[in-house]
Amino acid sequence: MDAYHRSTGRTLGIITLVVSAVLGATFLIGRSLVPDPPRHSTATATGADHTEFADQSAPSSTEPGPGSSRTPASAEPTPSNGQPGHDPDIGPMGTRVTTGGNEVALTFDDGPNPDYTPQVLAILREYHVTATFCVVGQNAEAYPWLIQQIVAEGHTLCNHSWDHDVALGSRSPERIQSDLLRTSAAIRAAVPDAPIAWYRQPGGAWTYSVVTVARELGMTPLHWTLDTSDWQMPGATKIAKSVLTGVQPGSIVLLHDAGGNRQGTVNAVYRALPELTDRFDVRALPKRGM
Ligand SMILES: [Zn+2]
């Protein structure tokens, strides 16, 4: 799709509207025509066996600053953003990068975690907002009661792989499929009928293989608009500022409730939510996907 957009964008600028109108079709066409660009394969696989789970493509990469919702191609090893004819709701390799409306979606990755997830849930409850939890399979297996609480309180679940394998996208389709299925099974061991309509690739290290397998399993690939860099543990003040200055209508905000000391994130969410809920409709992504 990206190369498709690039080439048509150069020659026919006006094609933008047509592409938008038939986005689904063009995605399929583009995906079938464009091979995996090698630069997206394993270049971002840093930290695969690191305990600090961060959905950052590479620790040394230039992080998208507040408000830089459309990451320039030079800033991240992910393609297609900011190109002529690019659908603003669709990001790297056809992943979802906005809510598609004015509502703002907070996403919490790498949990559940017994220290931080209950705090996040309590804060969300206090402000009467729902969020999306991108959970790691082995954590879902370890803390099924947290999965049950997430679901019981109206939040949305997202599959975030079995053990946060940042390099998963470069593995065989069979391996990818078994990893995602194992994760969904762990979630459903806790909540048998839990809808799991979203998949977020660890590290944001998308490949066409992982996007394709996720879609085949009925999950929409979920990227993000705003990376708060909370995984770098800059402290609650900076995380809250990152959220409040960077958020825009439709933003999907990347946060973490596990993978390290996340008290800063917890405190930042508590500080930011009063203003955030004044300015935006903050809510979970649709449970059945989009
Ligand atoms: Zn993660």
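Helix H4 (residues 117–126) and helix H10 (residues 263–279) pack at an angle of about 5°, and their axes lie 10 Å apart. H4 is therefore roughly parallel to H10, a label for angles under 35 degrees, whereas over 145 is roughly antiparallel, 65 to 115 roughly perpendicular and the rest oblique. Axes here are lines fitted to C-alpha atoms, for helices over the stretch in contact, with angles from 0 to 180 degrees between N-to-C directions. Helices (H or I, at least four residues) and strands (E, at least two) are DSSP runs, numbered from the N terminus.

This is a predicted model, in which local features need pLDDT of at least 70 and side-chain atom pairs count only at pLDDT 80 or more, while totals for chains, interfaces and linings use all residues. Residues are numbered from 1 along each chain as its sequence is written, and side-chain values use heavy atoms, leaving out hydrogens and water.

Which residues of H4 meet H10? Gln 119, Val 120, Ile 123, Leu 124 and Glu 126 do, facing Gln 263, Val 266, Val 269, Tyr 270 and Leu 273 in H10 (contact: heavy atoms within 4.5 Å).

Pro 112, in the loop between strand S1 (105–109) and H4, is joined to Gly 111 by a cis peptide bond, with omega about 0°. In the loop between H4 and strand S2 (132–135) lies His 128, whose phi is near 55°, positive although the residue is not glycine.

Is His 128 buried or exposed? His 128 counts as exposed because its relative accessibility is 74% (buried means under 20% relative accessible area, exposed over 50%, partly exposed in between, with a 1.4 Å probe and protein chains only). His 164, with phi near 60°, is buried at 1%.
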